[in-house]
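Have a look at the model, then read on.

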Amino acid sequence: MKKRVVRREGGPNRRSSSSSSPVVQSVRHAECQKNHAANIGGYAVDGCREFMPSGEEGTNGALLCAACGCHRNFHRREVEIEVVCESSCS
């Protein structure tokens with residue numbers, strides 16, 4: 001019997017798993033965290049809720065958000081790790 005265990009990692013305390021089970025990893029980029037008022041000593045974000053690439057995969061446009069124009073690195077990264085176990089796993 002196959003069992004799927006889904007674990008989300010996104011914080012600074014990420015740990016690598018040393019499992020012999022097959023691992024499926026998917027990455028998505030969430031809200032933009034760029035501080036647009038940093039140069040005047042304030043804090044203001046633009047409200048962009050999710051990264052949407054403005055170009056095709058493999059081009060420079062794929063790294064820029066179509067909604068806010070920021071680079072993908074300004075968007076919060078969410079990594080979802082899925083471990084597929086053939087028998088019981090913990």
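Searching the whole structure turns up 4 salt bridges (a side-chain nitrogen of Lys or Arg within 4 Å of a carboxyl oxygen of Asp or Glu). R28, E31, E50, R76 and E78 are linked in a network of these. Bear in mind that this is a predicted model, where local features need pLDDT of at least 70, side-chain atom pairs count only at pLDDT 80 or more, and totals for chains, interfaces and linings use all residues. Residues are numbered from 1 along each chain as its sequence is written, and side-chain values use heavy atoms, leaving out hydrogens and water.

**The salt-bridge network**
- R76 pairs with E31, with the closest N and O atoms 2.7 Å apart.
- R76 sits in strand β3 and E31 in strand β2, so this pair ties together parts 45 residues apart in sequence (strands are DSSP E runs of at least two residues, numbered from the N terminus).
- R76 also meets E78 in a salt bridge, at 2.9 Å from N to O.
- E78 counts as buried at 16% relative accessibility, while R76 is partly exposed at 30% (buried means under 20% relative accessible area, exposed over 50%, partly exposed in between, with a 1.4 Å probe and protein chains only).
- R28 and E50 form a salt bridge at 3.9 Å between the closest N and O atoms.

**Around H75**
- H75 lies in strand β3 (residues 75-85) and is buried, with a relative accessible area of 3%.
- A polar side-chain atom of H75 is 2.9 Å from the backbone oxygen of A30.

**Whole chain**
- The chain has 0 helices and 3 strands.
- Buried residues make up 20% of its 90 residues.

Technical notes: Helix = DSSP H or I, 4+ residues; strand = E, 2+ residues; numbered from the N terminus. Polar contact = N/O pair within 3.5 Å; in protein donor to acceptor, adjacent residues only side chain to side chain.
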